[in-house]
Amino acid sequence: MSTDARATADRERRVIAEVPKKLLIGGRARDAFDGKTFEVEDPSTGEILCEVADASPDDGMAALDAAAKAQPDWAATAPRERGEILRRAFEMITEQADDIAMLMTLEMGKPLAESKAEITYAAEFFRWFSEEAVRISGEWKVNATGSGRVLVMRQPIGPCLLITPWNFPLAMGTRKIGPAIAAGCTMVIKPASLTPLTILKLADILGEAGLPEGVLNVVTTKSTGKVMGPLITDGRIRKLSFTGSTEVGQKLIEQSAQQVLKTSMELGGNAPFVVCADADVDAAVEGAMLAKMRNIGEACTAANRFYVHVDVAEEFTEKLVDRMSSMTLGRGVDEGVEVGPLVEADQRDKVAELVDDAVQKGAKIRTGGEIPSGAGYFYPPTVLADVPTSARLVKEEIFGPVAPIFTFTEDEEAIRAANDTEFGLVSYLYTRDLQRAIRLSEKLEAGMVGLNQGMVSNAGAPFGGVKQSGLGREGGDVGIDEYLEVKYVAMNV
C-alpha cells in the first residue's frame, strides 16, 4: 500500500471512529435497551464500516419522553438564543466539512466533491433558520365593529418526529432540524438505517453548539415501523415530517390521522425535463447533467424523463451521450471519481431491471446499460433513446444514473406527457422564448420548476411538491410555518 493510500485509509478509520454509535436520548448517549446493534455498510466495497445501536420500541418511547420533558423550557427559550445555536452549528459544520464529507461518502457512496456540495447546501439551512428564529411575527388589528381587537400569535407546535432518507443524509436532517429549533420545538429524529452516521455526527455538533439536553433525540433502528409507530399514535407528538417514498408517506399519513398530526411530506418524484426547439442545446445538456447526475441520480428531484423537440433531439442526445460516457466510476473517496456506487444492491438491481424492461420493449442503449464486474453496487451512466411509453421507467422513479429520451413536435404534446404522472415535485424547462417560458411553467404540474437551470434546491426557497409528491414546504420564508401553530385571541376594549 502506498503512503497516500495508507494515509487515506487511516483517515477513513479516524472519521468513522469519531462518530458516536449510540442512541442520543435526553442528552445522553446510550445503548439500546436490549443491546442490539446493526451494521453500516460501505456501498463501494460491500465491507462493514461499523455497527450502531438498533433501537427498540422502548427506546423510541424514551426518546419521546425526553422530548416532551424538554419542550416547555425550550419553547420559552429566547428566539435569539435559539438562532445563535444554529449559527454556531452552521460554522462548525463548515469548519468540519472535509471530515463530514468523508463520512458521508463512506456510508452513502457519492463522490467527495458531491458530499462537500451537500454540506454547503445543508449548512445553509442552519444559517437561514438562525435568521428566521427572530422573525416569527404575529398580528394586532381592530376588529370590524371597532369594539374589540384581534391578536394573532404563532407558537411552537410541540414535540416533532422527523424521519430522514439515505440519499442526502445531512441536508435532509438540517432542512427539518433547522426550522424546528428556530420555532422552539423539541424533536425525535430517525435517520435512514443505510446512512445513520451523518445524523449522529450532526447531533454531536449541535450538542457542542449548545443545544440543550433533550431538544434533539436520535433514534437509530432497522425496525422503523415498530419503533416509530407507537410515537406517531402517542398524543404528545404534534408534528411529523417525512422525506421518502410516496408509498411509505401514504402509510404515515394514514397513521397520523389517528392523532390529527400536522404533517409535512416530501415524497417521490418523476421529473420531466423539457427541451424546446428554441433551447440553447449546450446549456440544456449542462442542466441535464445536473438534473440527472447529481447524487448519482439518487434524488427525488432527478430528471426522470427527457422530452426533447425533434429538431434538436439528435444533437442533444449525442452531446449528452458524450458527457455521460466520459464520466469516471469508482469509489467516492478516490481522486477523479465522478460517479460512485448506488447505495445498496437492491437499488442497483432495480435500476438494472428498469433499463432491461425498456430495452426489451424497444429502447436503444446509447451508452451504459450493463452492471460492471467487481465489488460495490455500481451502475454506469446510461442514455436510452427511442424509449416506448410502455416502459416501466415512464411511470416509476428510476433513482439512478439513467436518462431516457423521448421526442415531441408540439409544446402541448410535451406538457401532456410531462404531466402524465401521479407525481409533481419538480419539472425542468429549457427555452429562450420568454413568453413560452412563462406559459409552459404555469402549465407544468409541479411544486417547483427549473427554468433554464438543472437545480432548484435552495435553502431560501420553498421546497415541495404537488399531487403524490407531498404536502407542505421546507425552506424559504414558509419553512418555519410547518413548526408553528397560529393562535387567535379575541379582546373587548
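**Strand pairing, helix packing and a buried threonine**

Modeller: Strand 15 (residues 382-385) pairs with strand 16 (residues 402-408) in the parallel sense over three bridges. This is a predicted model, in which local features need pLDDT of at least 70, side-chain atom pairs count only at pLDDT 80 or more, and totals for chains, interfaces and linings use all residues. Residues are numbered from 1 along each chain as its sequence is written, and side-chain values use heavy atoms, with hydrogens and water left out.

Biologist: Which residue stands opposite valine 383 in strand 16?

Modeller: Two strands pair if DSSP finds at least two bridges between them; strands (E, at least two residues) and helices (H or I, at least four) are DSSP runs numbered from the N terminus. Strand 15 and strand 16 have three bridges. The residue of strand 16 that stands opposite valine 383 is alanine 403.

Biologist: Which are the edge strands of the open sheet of seven strands?

Modeller: The sheet has mixed pairing and the order 14-15-16-13-12-17-18. An edge strand here pairs on one side only, and this holds for strand 14 (364-367) and strand 18 (448-451).

Biologist: At what angle does helix 12 run to strand 15?

Modeller: Helix 12 (residues 345-360) lies across strand 14, strand 15 and strand 16. Axes are lines fitted to C-alpha atoms, for helices over the stretch in contact (heavy atoms within 4.5 Å), and angles run from 0 to 180 degrees between N-to-C directions. The angle of helix 12 to strand 15 is about 25°.

Biologist: Is helix 3 roughly parallel or roughly antiparallel to helix 5?

Modeller: Helix 3 (residues 79-95) and helix 5 (residues 112-132) pack with their axes 7 Å apart, at an angle of about 160°. Angles under 35 degrees count as roughly parallel, over 145 as roughly antiparallel, 65 to 115 as roughly perpendicular and the rest as oblique. Helix 3 is therefore, relative to helix 5, roughly antiparallel.

Biologist: Is threonine 221 buried or exposed?

Modeller: Threonine 221 lies in the loop between strand 9 (216-218) and helix 8 (224-232). Buried means under 20% relative accessible area, exposed over 50%, and partly exposed in between (1.4 Å probe, protein chains only). With a relative accessible area of 1%, threonine 221 is buried.

Biologist: Which residue's side chain does a polar contact of 3.1 Å join to that of threonine 221?

Modeller: A polar contact is a pair of N or O atoms within 3.5 Å; within protein, one must be able to donate a hydrogen and the other to accept it, and residues adjacent in sequence count only if both atoms are side-chain atoms. The side chain of threonine 221 also reaches the backbone nitrogen of serine 223 at 3.0 Å. The side chain joined at 3.1 Å belongs to aspartate 54.
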